[in-house]
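Here is a friendly tour of charged pairs, a helix and some strands. Have the viewer open and follow along.

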Amino acid sequence: MPEAGGGAFEIVAIAASAGGLTAISKVLEELPPSFPASVLVVQHVDPRHRSLMASILSRRTRLPVKEAEAGERIVPGTVYVAPPNHHLLVNADGTLVLTQTEPVHFVRPSADLLFESVAASFRDRVIAVVLSGTGVDGSMGVEAVNKMGGTVIAEDEQSSEFFGMPQAAIQTGFVDFVLPLTEISSALQSLVMGGGGSSEHGGD
């Protein structure tokens, strides 16, 4: 199994809300089995219902997909989906944390908390992706990712079913790439597998 490291991107954190299942599926279905980064997914779902998200996504990607479990250590090339009604965080040692602390912007799981967590733990080895969704979740987190030297991608307005979350992220000024949904997967492959890394960031 390929080992991420040496300054390469190790984490791709994806956030979405309304219209997000289609968007997440589109991004994941085009990632190759050799994709070396761990993928963490936060999708706002009804907390009263058991989520079928992991099983749905597992049928749409060649990467292994599972619902995140507390204390689990992330593995390269695996997709972890936040369970309903839990915030998903990652420790610096790569272990997952699930909490039921207060909702952020009225949502739990929160993209902001995930993005801030991976930024603190993995710094410039993080790519944050904001896909279709309503509201502003993720807009605080993209600033944290940017400040730590990570890279931020947002879905463009034309391809977003709901542009609220991508727009809020873009308006912060901390988004590196605004891309149509069809180009996000190839951008991730170029960044993660193409030798790109924090060196692409201007530090001035």
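## A charged pair on a helix

In this predicted model, Glu29 and Lys26 form a salt bridge, with their closest N and O atoms 3.7 Å apart. Why do the two sit about one helical turn from each other? Glu29 and Lys26 are three residues apart in helix H1, so about one helical turn separates them. In general, an α-helix has 3.6 residues a turn, so residues three or four places apart point the same way.

## The covered side of H1

Helix H1 spans residues 20–29, and its buried residues are Gly20, Ala23, Ile24, Ser25, Val27 and Leu28. What do these buried residues pack against? Among the strands, they meet E1 (11–16), E2 (38–43), E4 (79–81) and E8 (151–155). The helices they pack against are H2 (53–58) and H6 (181–193).

## Other salt bridges

How many salt bridges are there by the rule used here? The count comes to six. One of them joins the side chains of Glu10 and Arg125, at 2.4 Å from N to O. This pair links distant parts of the chain, 115 residues apart: Glu10 lies in the segment before E1, while Arg125 is in the loop between helix H3 (111–122) and strand E7 (126–130). Glu10 counts as buried because its relative accessibility is 19%, under the 20% cut-off. Arg125, at 22%, counts as partly exposed.

A salt bridge also brings together the side chains of Glu72 and Lys66, at 2.7 Å from N to O. Here Glu72 is buried, with a relative accessible area of 17%, whereas Lys66 is partly exposed at 26%.

Now for a charged residue with another story. Asp156 is found in the loop between E8 and helix H5 (164–171). Asp156 is buried yet has no salt bridge. Where is the nearest side chain of opposite charge? That side chain is Lys26, 13 Å away. In general, side chains of opposite charge can pair when their charged atoms come close.

Which residues does Asp156 touch, leaving aside those up to four places away in sequence? The contacts are Phe163, Val178, Leu179 and Pro180.

Strand E7 is mostly covered, with five of its five residues buried. Val126, Ala128 and Val130 point one way from the strand, and Ile127 and Val129 point the other way. Both of these sets are buried.

On the pairing side, E1 and E7 run in the parallel sense and share five bridges. Within this pairing, Val12 has Ile127 of E7 as its bridge partner. E7 also runs parallel to E8, to which four bridges join it. Ala128, for instance, stands opposite Val152 in E8. To get from E7 to E8, the chain passes through helix H4 (residues 139–147), and this β-α-β crossover is right-handed.

Conventions:
Residues are numbered from 1 along each chain as its sequence is written. This is a predicted model: local features need pLDDT of at least 70, side-chain atom pairs count only at pLDDT 80 or more; totals for chains, interfaces and linings use all residues. Side-chain values use heavy atoms; hydrogens and water are left out. Buried means under 20% relative accessible area, exposed over 50%, partly exposed in between (1.4 Å probe, protein chains only). Contact means heavy atoms within 4.5 Å. Lys and Arg count as positive and Asp and Glu as negative; His and the chain ends are not counted. A salt bridge is a side-chain nitrogen of Lys or Arg within 4 Å of a carboxyl oxygen of Asp or Glu. Two strands pair if DSSP finds at least two bridges between them. A crossover is right-handed if, with the strands pointing away from the viewer, the path from the first strand over the helix to the second runs clockwise.
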